[in-house]
Amino acid sequence: MPLGHYLVLSGLLFAIGTAGVFLRRNLITLLLSVELMLNAVNLAFVAFGRQWGAVDGQIITFFVMTVAAAEAAVGLALVIGLFRHRESLNPEAFTSLKW
Amino acid sequence: MASDALLFYLFGGVTVLGALAVVTQRNPVYSVLSIIASFFGLAGLYVLLEAPFVAVAQIIIYAGAIMVLFLFTVMLLNATREDAAEWDRSHPLYRPFAVRVGGVLAVLLALQLGWALSRTSGLGVPIDLDRPAVSSVQELGRVLFTDYMFAFEVTSILIIAAMVGAVILARKRDE
Amino acid sequence: MQGIIEILTAPQTIAYAVIVGVVFMGLQIMAAVMVYAERKVAALMQQRYGPYLVGPKGLLQPIADILKLFFKEELRPKAADAFLFTLAPIISVAAAYLAFAPVPFGAPTTFFGLLDEPIKLQVSDVNVAVLVIFAVASMGVYGIVLAGWASNSKYSLLGGLRSSAQMISYELAYGMSLATVVMMAGSMSLTEMVDQQSGYWFGFIPKWYIFLQPVAFFVFACAGVAETNRAPFDFPEAEQELVAGYHTEYSSMRFAMFFMAEYINMVTVSAVAVNLFLGGWHGPFVPATYGWIWFVIKLAFLLFVYLWLRWTLPRFRYDQLMSFGWKVLLPLATINLLVTAAGVLYFGL
């Protein structure tokens with residue numbers, strides 16, 4: 001398969017993820033969309049790594065996965081904390097600076 | 001080689017459809033399930049790219065651990081509906097002016113992307129198969145613990161920080 | 001077209017098809033046998049007779065059970081999520097079958113000279129087999145969690161939440177003990193790992209990893225029992241507290257699928273333990289081509305241990321379960337991993 005196909009696929013995934021972040025108003029779906037974007041980047045890395053026969057592309061994906069795990073843990077903890085206050089997952093519910 | 005293309009389109013299709021479902025589903029539980037399907041498609045693509053270890057790590061870490069965490073949270077909060085209706089009015093993006101400007105910008109971006117894609121030449125060049133793929137776990141480990149040693153160790157600090165942060169954030173404050 | 005037919009009728013292809021069929025049917029039969037064995041062993045330990053009416057010694061009991069489950073009515077609670085309610089048992093049973101795919105159960109064989117070159121007795125030989133099993137096993141949790149959530153019942157939901165927490169906690173120790181053995185073997189392919197355990201020390205002690213890595217075996221056994229949700233770690237379906245846990249609302253074949261998944265998972269974990277720690281198909285008195293006999297014997301023994309545990313040990317308390325997983329098993333596995341790493345590095349074990 002040509003490298004370009006993988007890159008287009010990766011771009012498509014990233015676009016879907018970005019659209020999700022902008023269009024959805026549910027904190028959980030927002031976090032999921034961010035995960036999609038991270039995965040799009042992973043795909044591009046691995047495809048480039050395969051193209052140049054280098055191992056670095058795969059190594060970077062492990063770091064991205066670790067960061068994604070950390071992000072998910074902290075993000076979900078925040079979501080739980082916010083939900084306790086407002087009984088809502090809509091980011092619009094959390095516009096006040098103090099409560 | 002034909003089967004390769006077939007598999008690419010199969011896995012790529014699963015990935016993209018899964019991703020679309022994540023964004024379009026109303027119910028977070030279904031979103032989480034769709035993203036898992038998407039991750040399986042990605043794992044298949046990694047196998048096609050001769051990176052089996054990444055493929056398995058994708059399943060173990062993403063599908064097996066992170067997404068269970070998401071599902072767990074969704075079920076714990078029991079918030080399976082998007083409560084959008086009451087807030088829609090106040091959203092700035094729903095004001096007509098912002099929507100128009102944003103729409104124009106989005107169309108411009110899409111046009112630009114299409115233009116750029118139509119002008120690139122190297123899109124159809126197949127992946128260089130003369131270069132051997134590095135798929136052995138030994139080689140991955142060697143590079144990870146020599147060239148990327150520092151980044152690896154820093155990552156462990158990141159994990160600890162995230163863990164402590166998550167515990168403190170999610171803890172019930174008893175006043 | 002000609003080429004495809006030639007490939008399809010090649011002895012190699014047919015042999016692989018036979019192996020896939022044997023594994024598929026074998027797992028199903030194993031599940032049925034385990035249903036019978038479970039009741040008989042329980043009866044034996046409690047000085048009862050157990051099933052004895054259907055067939056000689058009650059041997060046809062599993063068939064009667066299966067027929068009964070077939071003809072029961074499929075019930076679904078009105079408030080349940082119809083799609084996920086149906087999907088959950090399918091995920092469970094599919095993950096259970098899939099996990100057995102990279103497990104070898106015998107030495108490469110030519111089927112008594114029927115084939116030109118020997119083929120491996122396993123569905124697929126992956127070079128990261130250990131991780132594949134680990135990954136697929138971690139998919140099984142979705143079946144349980146979704147069943148718990150989709151049933152829309154408090155007992156089911158509690159069972160599902162418990163199981164996700166339990167499986168995530170014990171997966172870490174499970175993975176650590178696997179990593180220890182992978183380090184000893186220097187390979188992730190189960191076939192290679194088994195082959196490294198052939199031979200004897202001093203002529204009579206078999207070179208099994210259980211003797212080199214008793215701690216890893218202990219951790220693996222505990223985590224394996226917890227991963228398969230068996231007593232004393234059967235929290236997701238703790239009868240006395242949660243009615244039947246995640247499958248409270250299930251009936252008929254959907255229930256049977258969960259049941260099958262549980263027994264197949266037991267078989268898979270035992271098979272992996274046999275391959276990793278007990279020397280797989282290597283054993284005395286039996287030529288290598290019949291190695292699968294040894295494999296089955298070891299497997300049967302481990303499965304018996306499963307039942308033995310269930311009828312001997314009482315269930316933990318939930319907080320005990322969590323503290324055992326995080327504060328005992330995980331540190332133990334980590335220290336064992338570090339010690340083994342040092343040993344491999346400095347003494348080249």
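Tutor: Let's start with a definition: a helix is a DSSP run of H or I with at least four residues, and a strand is a run of E with at least two. This is a predicted model, and by that rule chain B has six helices and zero strands.

Student: Why is chain A called more spread out than a compact globule?

Tutor: Set the two values side by side: the globule rule gives 13 Å for 99 residues, whereas the radius of gyration of chain A is 17 Å. The value is well over the rule, so chain A is more spread out than a compact globule. Along the principal axes, its C-alpha atoms fill a box of roughly 55 × 25 × 15 Å.

Student: What makes a residue count as buried, and what percentage of chain A does?

Tutor: A buried residue has 20 or more other C-beta atoms within 10 Å of its own. In chain A, 49% of the 99 residues pass that test. For chain B, buried residues make up 30% of 175.

Student: How do you know which residues belong to the contact between chains A and B?

Tutor: Two residues are in contact if their C-beta atoms lie within 7 Å. On that criterion, chain A contributes 55 residues and chain B 64 residues. On the chain A side, α1 (3–23), α2 (27–52) and α3 (56–86) each supply at least two residues. The most comes from α3(A), with 20 residues.

Student: What is the class make-up of the side of chain A that touches chain B?

Tutor: That side divides into 35 nonpolar, 15 polar and five charged residues.

Student: Which helix of chain B gives the largest share of the side that touches chain C?

Tutor: Here 14 residues of chain B are in contact with 16 residues of chain C. Helix α3 (residues 52–77) of chain B provides the largest share of the chain B side, 12 residues. By class, that side has 13 nonpolar residues, one polar residue and no charged residues.

Student: Last one: what share of the contacts within each chain joins residues at least 24 apart?

Tutor: Counting contacts between residues at least 6 apart in sequence, 43% of those in chain A join residues at least 24 apart. In chain B, residues 24 or more positions apart account for 53% of the contacts with a separation of 6 or more.

Notes. Residues are numbered from 1 along each chain as its sequence is written. Chains are lettered from A and ligands numbered from 1 in the order in which they are written. This is a predicted model: local features need pLDDT of at least 70, side-chain atom pairs count only at pLDDT 80 or more; totals for chains, interfaces and linings use all residues. Ala, Val, Leu, Ile, Met, Phe, Trp, Tyr, Cys and Pro count as nonpolar, Asp, Glu, Lys and Arg as charged, and the others, Gly among them, as polar. The radius of gyration is taken over C-alpha atoms; the globule rule is 2.2 Å times the number of residues to the power 0.38. A residue is buried if 20 or more other C-beta atoms lie within 10 Å of its own, exposed if 12 or fewer, and partly exposed in between; C-beta atoms are placed from the backbone.
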